[in-house]
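Reader: I have a model open on my screen and a few questions about it. Can we go through them one at a time?

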Amino acid sequence: MRFSFDSEETKPDPTRSATPKDELEWVPLQHHPLFTSTAGPAHPLADSPPLRNLLAWDGASRLYLWDSNELCLHRISVRLGEPEPTSVFAASPSKILKPDVKLHFAVYKISINSNATAMLLYGSDGLCIMYLYGRTSARDGATICRTVTVGSQIYLSGTNVIRILQVSWHPCSDTHLGILSSDSVFRLFHLSSDLIQPEQAYYLQPVQPGRSRNATSICPVDFSFGGDHLWDIFSVFILFTDGSVYILCPIVPFGSVYKWESIVDLYSDAQMFGLKSPNSTAVSNSNQAISWLEATFPEMAEQTDGANQSVIRARPFALFDASLSLQGPLRKASHGEDEADVAFRGAECEGRAVSFLYNLVSKDSIIVTAWSGGQLQIDALADEIQPVWNVGCPPRLRVDSHDNIHGLAMICESTPDKLSTVKLDQPVDSTLWLGHPPPLLRLAVVDLALPTKTGSDSLIMMHIDPLMLERIYTLHDGGIDSIVLHYLPFTSQTSGKNETMRTPSVHPVLSTCQGEFSSHSPLSGFVSLSDSFGYSWIVAVTGSQECIVLEMKTLNLLLPLHVDTEKKSIPLQESKAKDAPDIIISKELLGGPKVVLVPQTSPNLRSVSADSIEGRSMLREYFKLFHENYVEYAHKVYFELKHHGPHLKRIIDNQHDRLGGAKQRLLQVEEKYSDLEDRINDAVQMQNDLEERLRRLRSLPGVHKKPLSTAERDFKSQLDQFSGVELDALRSTVNALSARMRRHAQTPKGNLSNQKKLVSRRKDPVQESQISQLKSCLEKLSLVNSENTKKVKLVESALRSEESSI
């Protein structure tokens, strides 16, 4: 059974549209009224880019689509896998969200943050953040959302012509936004504190002053944040036009949240491998990293136990005498020979670098660079990233009256002295914490064979499949392609597999090119969906507002063709038979006979008779062509089949043996299934018994008793003191009087009358005074006894009330 979590129908919202819940209709996503062809094509502006992405997904149950005509955001509730496992249904009508301010730019890209509370609206002339919840209002059936502008005084304000190149949410913060601009500055904005001034600014200088280099090669193009793997989580990868990649590490947004285990791993790694290194440079670099970690995360310096906390928050901090080093450009790792021209990665591709993607797959950090010529360079980091600072270049800090850091800016320069050719055969200890940028291991160069684009270079956008991280989707002028990575060096090494390097597989998913040339991209939106049951879809929106939903297969994409782990030893003949290719027919025979080209004849010859000279000559020519193409092909086929008959028989026998083995294993599984089912039933029954026993134990009165508080313990001590003094004296007095009464009752009546007579005769005054004192004492004791009895009853009632309340 599948469940759908649709907060739009479960949570009451006073600002939502007036559509009642019972009027919602669930239809297939591609048949939603919003995507019908009658909606008419969008009207892009003249300066609109070839590639746009106006579709976003919150990762749960809502799709967002930006309408360029109505300038509004459509929120569509979706159900994945209902009613069929492969279906995608959407609620109709959709909810309309509008910004509370008028946008003065065309939106080319939308992106939602991790907690689905804010939407990024990005265009060539502006950048806005639309808050989906909070202070909203309703107007004309639409929800008006608060919309703010980011960096209005920096980007395209007045005479300022600084363009925004790339914008992205930070993966560890819902309120931090990273922006790379055309002035070679990477800025980090904190939306909760300041929308005008950036929290952090890094001025990129990949070339040392005084060195000459092509001006077009030092322009930044794209950037990407790192993943949750050691120091990658604090890294920012920056791509330049010539394909060179640089790294900034560490960059941490103020107040961002990280996993406790990740920070502990970094701290222990720096202490274990850095401080114990015999190289003084490694010790110095590790000391700087440890100081930075202890100041950014004070819990590390205090050596607190993180067993009770799973996350840790970063504090504002910056080294007062050092700025971050721009590590790079990343070089390819050599195989032992001298390579002098390995500095740049763009020698194998055509055009210029247009986009960049970072992808973390298990233990491997994969980086992909897209080129305008239609090629993709896929590399893996052959070593770990380490933080590097340039000492002697202090940053600029913005502090308040209490010396609390509110912002920082620094100049990040590259250090050519730290560039060195890294070889794969050198030991790992010789490169740790020396400040060298990590080398690259080239995995593949993929040519997408894009159609020829008139007017400008091709642009490529890349997305990661959320379900299968080894698959990368590319959105370009010709449509959508799927690239699956079959070889991951560190992951294979960690798992103990000795796999050879396999090239990635490229599959066209959607083709939008109708001819040899392509002038613009017909797609305006793309998103990848997935559910918890292992199903994956892609949703694409065309420029004419049509929706395309495709189910993507994820099984058997990463499996090898055939793996037989049971046969340990293979005879020589069988190994030779296995070494033979599976395709035993030659390519010429598989291609079929050649096409018979009928000789050109005049129309007059077509009406000649067969017994004439012209007819016989024509028939002889036809027979010759038939013999050369079909008869000889039949002889070749006969010879091939006769020659490969024994080999085919061995293959068929091998397949039959494997089939018999598979059937035998299936029978064994069926036999064990009943035993497994019984064991599962016994385990379930034992679980139920344990739960019932636990419920009974929880119902015992002693379980719910709480320890006495301080006031209750003081009251109990007073009661104990009272019972040990006054009650004991009262009990002894009562016992003495009781004994005297018993003796008085046992005295004979005659003696009593004689004693009365003697008393009456003598009338001793001393005895009479003692009797009067005794009577007064008895009265006092009776009064004390009654008062103590009342106090005891009050104490007992108070104790009973305390026990009942506990």
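Reader: Which residues form the nonpolar patch on the surface with about 300 Å² of accessible area together?

Author: Keep in mind that this is a predicted model, where local features need pLDDT of at least 70, side-chain atom pairs count only at pLDDT 80 or more, and totals for chains, interfaces and linings use all residues. Residues are numbered from 1 along each chain as its sequence is written, and side-chain values use heavy atoms, with hydrogens and water left out. Patches are made of residues with over 30% relative accessible area and no salt bridge, joining like charges within 9 Å and nonpolar side chains (Val, Leu, Ile, Met, Phe, Trp, Tyr) within 5 Å, and the areas come from the Shrake-Rupley method with a 1.4 Å probe, only the protein chains shown counting as cover for residues. The nonpolar patch here is formed by Leu619, Tyr622 and Phe623.

Reader: Where is Tyr622 found, and is Tyr622 buried, partly exposed or exposed?

Author: Helices (H or I, at least four residues) and strands (E, at least two) are DSSP runs, numbered from the N terminus; Tyr622 sits in helix α8, residues 613-643. Buried means under 20% relative accessible area, exposed over 50%, and partly exposed in between (1.4 Å probe, protein chains only). Tyr622 comes in at 32% relative accessibility, so the label is partly exposed.

Reader: Which residues gather in a patch of negative charge on the surface?

Author: For charge, Lys and Arg count as positive and Asp and Glu as negative, with His and the chain ends not counted. The place of a charge is taken as NZ of Lys, CZ of Arg, CG of Asp or CD of Glu. One member, Asp675, lies in helix α9 (residues 645-698) and is partly exposed at 45% relative accessibility. The negative patch gathers Asp675, Glu677, Asp678 and Asp682.

Reader: How many salt bridges does the count come to?

Author: The rule asks for a side-chain nitrogen of Lys or Arg within 4 Å of a carboxyl oxygen of Asp or Glu. Asp183 and Arg187 make one of them, at 3.0 Å from N to O. By this rule the count is seven.

Reader: In that Asp183 and Arg187 pair, which label does Arg187 get, buried or exposed?

Author: Asp183 has a relative accessible area of 28%, so Asp183 is partly exposed. For Arg187 the relative accessible area is 6%, so the label is buried.

Reader: What separates Asp653 and Lys649 along helix α9?

Author: Their side chains meet in a salt bridge with an N to O distance of 3.2 Å. Asp653 is partly exposed, at a relative accessible area of 32%, while Lys649 is exposed, at 52%. Because they are four residues apart in helix α9, the separation is about one helical turn.

Reader: Which residues do salt bridges that share partners join into one network?

Author: Start with Arg695 and Glu692, whose side chains meet in a salt bridge at 2.3 Å, N to O. Those two are three residues apart in helix α9, so about one helical turn lies between them. Glu692 is partly exposed, with a relative accessible area of 30%. Shared partners join up one network of Glu692, Arg695 and Arg696.

Reader: How many disulfides does the count come to?

Author: A disulfide is a covalent bond between the sulfur atoms of two cysteines. The cut-off used here is a pair of cysteine sulfur atoms within 2.5 Å. Cysteines in the model include Cys219, partly exposed at 36% relative accessibility, and Cys777, partly exposed with a relative accessible area of 41%. The disulfide count by this rule is zero.

Reader: What kind of peptide bond joins Gly328 and Pro329?

Author: Pro329 is placed in the loop between β22 (322-324) and β23 (353-361). Another proline to look at is Pro250, in the loop between β19 (245-248) and β20 (257-259), joined to Cys249 by a cis peptide bond with omega about 5 degrees. Between Gly328 and Pro329, omega is about 0 degrees and the bond is cis.

Reader: What is the phi of Ala116, given that it is not a glycine?

Author: Ala116 is in the loop between β7 (107-112) and β8 (118-123). With a relative accessible area of 12%, Ala116 is buried. Its phi is positive, at about 60 degrees.
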